[in-house]
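Have a look at the structure first, then read on.

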Amino acid sequence: MESRSLPGVVAAVVFFLSTMALPAAAAVVEHTFVVSQMNMAHLCKETLVTVVNGQLPGPSIEVTEGDSVAVHVVNKSPYNITIHWHGVKQRLNCWADGVPMITQCPILPNHNFTYRFNVTGQEGTLWWHAHVPCLRATLHGALIIRPRHGPSSYPFPKPDREIPIVIGEWWQVDLALVDWRLRHYLADYIPSASTINGKLGDLYNCSGVMEDGYVLDMEPGKTYLLRVINAALFSEYYFKIAGHKFTVVATGANYVSPYTTDVVPIAPGETMDVLVVADAAPGRYYMVALPNQSPKPEPQSPVLITRGTVQYSNNHSPSNGEAALSSYREKGGAGGPSGDVPVTPEMPDQHDRMTSFYFHGNLTSLHHSQRLPVPAQVDEHLFITLGMGSVCRQGQSCRRSGSDESIVVATMNNFTFQPPTAMTSLLEAHYYNSGTMDTLQQLPDAPPRVFNFTDPALIPEGPKEAQLEPTSKATLARRFRYGAAVELVFQGTAMMQSESNPMHLHGHDMFVLAQGLGNYDAARDVARYNLVDPPVLNTVQVPSLGWVAVRFVTDNPGIWYMHCHYEFHLSMGMTALFIVEDGPTFDTSLPPPPANFPACGNDNNHVPDQFYLQTRKSEVSHIYGG
Ligand SMILES: *[C@@H]1O[C@H](CO)[C@@H](O)[C@H](O)[C@H]1NC(C)=O
Ligand SMILES: *[C@@H]1O[C@H](CO)[C@@H](O)[C@H](O)[C@H]1NC(C)=O
Ligand SMILES: *[C@@H]1O[C@H](CO)[C@@H](O)[C@H](O)[C@H]1NC(C)=O
Ligand SMILES: *[C@@H]1O[C@H](CO)[C@@H](O)[C@H](O)[C@H]1NC(C)=O
Ligand SMILES: *[C@@H]1O[C@H](CO)[C@@H](O)[C@H](O)[C@H]1NC(C)=O
Ligand SMILES: *[C@@H]1O[C@H](CO)[C@@H](O)[C@H](O)[C@H]1NC(C)=O
Ligand SMILES: CC(=O)N[C@H]1CO[C@H](CO)[C@@H](O)[C@@H]1O
Ligand SMILES: [Cu+2]
């Protein structure tokens with residue numbers, strides 16, 4: 001089987017369409033993505049990873065708003081592959097959304113498929129990733145959308161340089177195995193390191209030799225636009241640069257009112273465009289990404305901090321540098337702007353959840369001409385609880401609370417998602433009106449039982465939650481007519497967990513009206529809705545033991561994945577499908593599937609379950625040193 005290396009071929013080609021009479025001619029931005037496996041060495045160990053064009057992170061796609069994109073995906077890996085263009089609205093183009101068995105049959109090993117989509121009405125940073133469970137840890141890259149009228153039309157001072165900052169994880173284990181075990185609630189693998197732009201940084205070493213770290217050269221006085229992406233599977237991160245402040249100007253390719261902060265919390269699936277001015281004293285400064293986690297009784301993971309360095313390229317000294325810097329100096333350390341050791345930022349605590357809560361609560365959208373109005377009238381109300389539960393391995397009744405007879409799963413309104421197993425994608429079944437659609441289970445508009453959702457006594461697997469734990473498995477879907485204004489409240493629960501949940505909706509942006517801690521109470525909380533300038537996001541961070549209220553309009557026919565962007569919750573079933581019906585006209589109806597659409601078929605590389613079952617943690621324990 002061909003699997004190891006790959007030629008680093010393939011550049012992006014841009015063809016200008018001479019016939020278009022737009023302000024800046026719309027272009028077709030074309031890429032070839034060869035997905036293959038290669039060995040990468042970190043922490044004294046070679047690991048076989050699945051990557052695009054031999055790169056980790058994968059290639060950035062850079063477009064101008066209004067451009068068309070064509071990405072030729074050639075699958076030389078042993079896995080079924082789809083690529084999702086995270087945050088791209090894909091209007092009337094659900095076929096290109098890249099969710100396996102939902103919007104398309106996957107691209108089988110040794111097959112290829114060309115994704116075609118237009119990027120319109122969005123500016124800023126998005127990203128792409130494989131929508132194959134867990135494999136997105138190494139199959140991802142930036143998708144950068146610049147304004148049609150050039151960088152001088154940014155609604156903020158024109159940056160001197162633009163830099164993608166991709167926060168990720170380094171895994172020393174077969175990611176297909178991680179997924180299989182998550183789905184069978186054998187959640188025994190964790191990443192080995194965090195990364196910035198693929199580099200582990202100097203907190204990690206191989207036999208005392210430090211890992212490379214990402215280095216950003218800055219010139220004094222210049223302004224940098226950092227396009228920060230959280231591509232990690234497991235954690236929200238706190239991101240900081242010692243001695244510098246950030247001005248957040250966009251998130252999820254939507255502009256926000258400039259918001260100044262010294263720390264950027266970023267959950268998996270979120271993207272943040274932030275300006276940094278090189279206004280500190282010339283020297284070296286650490287850029288740090290710290291994953292946060294829920295406190296006990298949640299199981300605790302080792303804290304995998306990563307860091308890179310910002311270094312000033314010459315000695316021109318700005319006036320206020322020294323003063324701005326003194327408060328960031330490492331306590332008791334030898335660090336200094338001109339010393340050998342870079343200055344270290346003081347990070348929030350790993351258990352701090354309020355820094356993320358306040359940050360997200362402070363975002364508002366920027367007033368500008370393209371901004372869509374917030375729907376004032378609501379046609380449909382949904383209230384969705386997020387938590388954990390369990391299903392029996394066999395039959396209807398079984399012992400729970402951690403017993404081997406049941407499997408712990410992640411839930412929405414007391415259902416966990418069952419991926420469809422038909423011989424076509426659901427979207428084809430929907431489009432051709434085939435019978436498969438009858439097997440879908442309706443996602444209830446509200447949880448079947450009202451309980452004290454955020455009572456911390458429900459967190460551990462114990463007597464208090466035992467009555468609530470049984471749940472059902474089904475292919476969950478909710479239908480909407482075209483053009484409905486939907487209000488959706490996500491309620492985090494303490495059901496066997498106290499995690500936050502970054503909820504991602506495909507094909508639509510959401511107006512984020514309000515958030516709160518504890519239980520949502522319409523009588524009290526509707527009054528707090530921001531209907532004037534709410535931020536517009538494709539991924540909303542539902543706070544730990546709290547809630548978020550959003551509105552969106554179902555203006556894009558198709559079947560859209562709605563799921564938690566923590567990969568462990570996704571693999572464990574925190575997913576539902578939003579089916580948006582066709583509207584009355586040609587311009588509001590889903591067109592037929594594109595040419596050469598993949599057909600479902602058997603690949604010859606199917607790994608038997610037995611393999612994953614037999615691979616016990618003990619056999620790979622050397623990876624984690626125990
Ligand atoms: C893609 O597949 C088609 C047939 O399925 C084949 O003709 C073509 O050569 C393939 N392209 C690449 C780049 O592998
Ligand atoms: C993209 O835009 C072009 C030019 O307007 C149009 O011909 C094409 O159908 C669009 N493609 C998709 C997938 O929407
Ligand atoms: C904005 O942040 C400040 C502190 O950082 C906090 O006190 C305030 O409550 C936040 N606002 C919202 C709406 O979350
Ligand atoms: C829910 O539980 C919390 C924590 O135990 C408690 O403070 C609150 O009063 C409870 N709410 C209701 C409505 O029982
Ligand atoms: C979920 O449904 C099951 C079966 O009806 C019930 O036993 C359980 O209490 C429900 N749990 C929640 C959280 O609603
Ligand atoms: C790959 O996808 C096909 C459907 O096209 C499916 O039959 C097969 O089981 C999948 N293989 C794996 C390893 O998931
Ligand atoms: C993987 C590796 O070699 N890690 C080493 C990093 O450095 C510390 C202390 O110097 C060692 O204990 C680790 O084994
Ligand atoms: Cu989640």
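Let's start with ligand 7. Keep in mind that this is a predicted model, so everything below is computed from predicted coordinates.

Which residues sit around ligand 7? The shell consists of Cys44, Asn205, Cys206 and Ser207. Sorted by class, that gives 2 nonpolar and 2 polar residues, with no charged ones. Asn205 brings a polar side-chain atom to 2.6 Å from an oxygen atom of ligand 7, while Ser207 uses a backbone N or O atom, 2.6 Å from an oxygen atom of the ligand.

The residues around ligand 2 are Ser68, Asn93 and Asn118. Asn118 has a polar side-chain atom 2.3 Å from an oxygen atom of ligand 2. Taken alone, ligand 2 exposes 360 Å², of which the protein buries 38%.

Now for the metal. The copper ion (ligand 8) is coordinated through OD1 of Asn501, SG of Cys564 and ND1 of His569, at 2.0 to 2.1 Å. Along the chain, the donors follow the spacing N-x62-C-x4-H. Asn501 belongs to strand 30 (residues 501–505) and His569 to helix 7 (residues 567–571), so this pair ties together parts that are 68 residues apart in sequence.

Asn197 is in the loop between strand 11 (193–196) and strand 12 (205–206). With a relative accessible area of 18%, Asn197 is buried, because the cut-off for that label is under 20%. Leaving out residues up to four places away in sequence, Asn197 touches Leu56, Pro57, Pro164, Ile165, Val166 and Tyr214.

Asn362 is in the loop between helix 3 (354–361) and strand 23 (380–392). At 41% relative accessibility, Asn362 counts as partly exposed. The C-alpha atoms of Asn362 and Ser257 are 9.6 Å apart, though the residues are separated by 105 positions along the chain.

| Side chain | Backbone atom | Distance |
|---|---|---|
| Asn197 | oxygen of Pro164 | 3.0 Å |
| Asn197 | nitrogen of Val166 | 2.7 Å |
| Asn362 | oxygen of Tyr358 | 2.8 Å |

Finally, zoom out to the whole protein chain. How many helices and strands does the protein chain have? There are 8 helices and 36 strands. Of the 626 residues in the chain, 59% are buried. Among contacts between residues at least 6 apart in sequence, 78% join residues at least 24 apart. The protein chain exposes about 24700 Å², with carbon and sulfur atoms supplying 52% of that area.

Definitions and conventions:
Residues are numbered from 1 along each chain as its sequence is written. Chains are lettered from A and ligands numbered from 1 in the order in which they are written. This is a predicted model: local features need pLDDT of at least 70, side-chain atom pairs count only at pLDDT 80 or more; totals for chains, interfaces and linings use all residues. Side-chain values use heavy atoms; hydrogens and water are left out. A residue is near a molecule or strand if one of its heavy atoms lies within 4 Å of it. A polar contact is a pair of N or O atoms within 3.5 Å; within protein, one must be able to donate a hydrogen and the other to accept it, and residues adjacent in sequence count only if both atoms are side-chain atoms. Ala, Val, Leu, Ile, Met, Phe, Trp, Tyr, Cys and Pro count as nonpolar, Asp, Glu, Lys and Arg as charged, and the others, Gly among them, as polar. Donors are N, O and S atoms within 2.8 Å of the metal (3.2 Å for Na, K and Ca); water is not among the atoms, so sites may look incomplete. Helices (H or I, at least four residues) and strands (E, at least two) are DSSP runs, numbered from the N terminus. Buried means under 20% relative accessible area, exposed over 50%, partly exposed in between (1.4 Å probe, protein chains only). Contact means heavy atoms within 4.5 Å. Accessible areas come from the Shrake-Rupley method with a 1.4 Å probe; for residues, only the protein chains shown count as cover.
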